[in-house]
Amino acid sequence: MSHQFGHVEHVTVHFDDLDAMGILHNARYAVLLERALTPYWTERGIAFSAGRHSAPDVFHAVREFAITYHAPVTGVGALAVHFWLEHLGTSSARYAFEFRSPDGRTRYADGTRSIVRLDPATLRPTAWTEAARAVATTLLRPAALPA
């Protein structure tokens, strides 16, 4: 599956991610999205490791998470998470994402996740660093391309 924008990361659904009906529990999608985003940023030098931030931009909070479910994930195995940025502000960013089958044919869910970078001392919004902005711009969806 090829994409003109964003990034696709594969994550694994484990048995304990399933609900009593054997379907991926709705609350696990946020965790699986985090598991897709983390390696992308880590490979680009912006990470949280050994109790320390490698860059101040790691200190951010989720402001909003919205998801729409289209088809149930009915078991364990790989999922493809396609994510990109719809917006990059001074101190905020809004991801869009899709959960798909590894071959891309089935769309299980899609949504958005907004984050705000915080100053650790004041817990108030603060600007992204130039290093984080450089990485983030590679995730921006060009306005002319449909999602």
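What share of the 147 residues in the chain is buried? Buried residues make up 38% of them, where buried means under 20% relative accessible area with a 1.4 Å probe and protein chains only. The model is predicted, so local features need pLDDT of at least 70 and side-chain atom pairs count only at pLDDT 80 or more, while totals for chains, interfaces and linings use all residues. Residues are numbered from 1 along each chain as its sequence is written, and side-chain values use heavy atoms, with hydrogens and water left out.

The chain has 2 helices and 7 strands; these are DSSP runs, helices being H or I of at least four residues and strands E of at least two, numbered from the N terminus. Along the sequence their pattern is β-α-β-β-β-β-β-β-α. The radius of gyration is 16 Å, close to the 15 Å of the globule rule for 147 residues, so the chain is as compact as a globular protein of that length. That radius is taken over C-alpha atoms, and the rule is 2.2 Å times the number of residues to the power 0.38.

Contact means heavy atoms within 4.5 Å. Of the contacts between residues at least 6 apart in sequence, 66% join residues at least 24 apart.

V135 gives a local view. This residue lies in helix α2, residues 130–137, and is buried, with a relative accessible area of 12%. Leaving out residues up to four places away in sequence, V135 touches Y40, W41, R44 and I46. R44 is 91 residues from V135 along the chain, yet their C-alpha atoms are separated by 7.3 Å.

Note on methods. Buried < 20%, exposed > 50% of the residue type's maximum accessible area, 1.4 Å probe, protein only.
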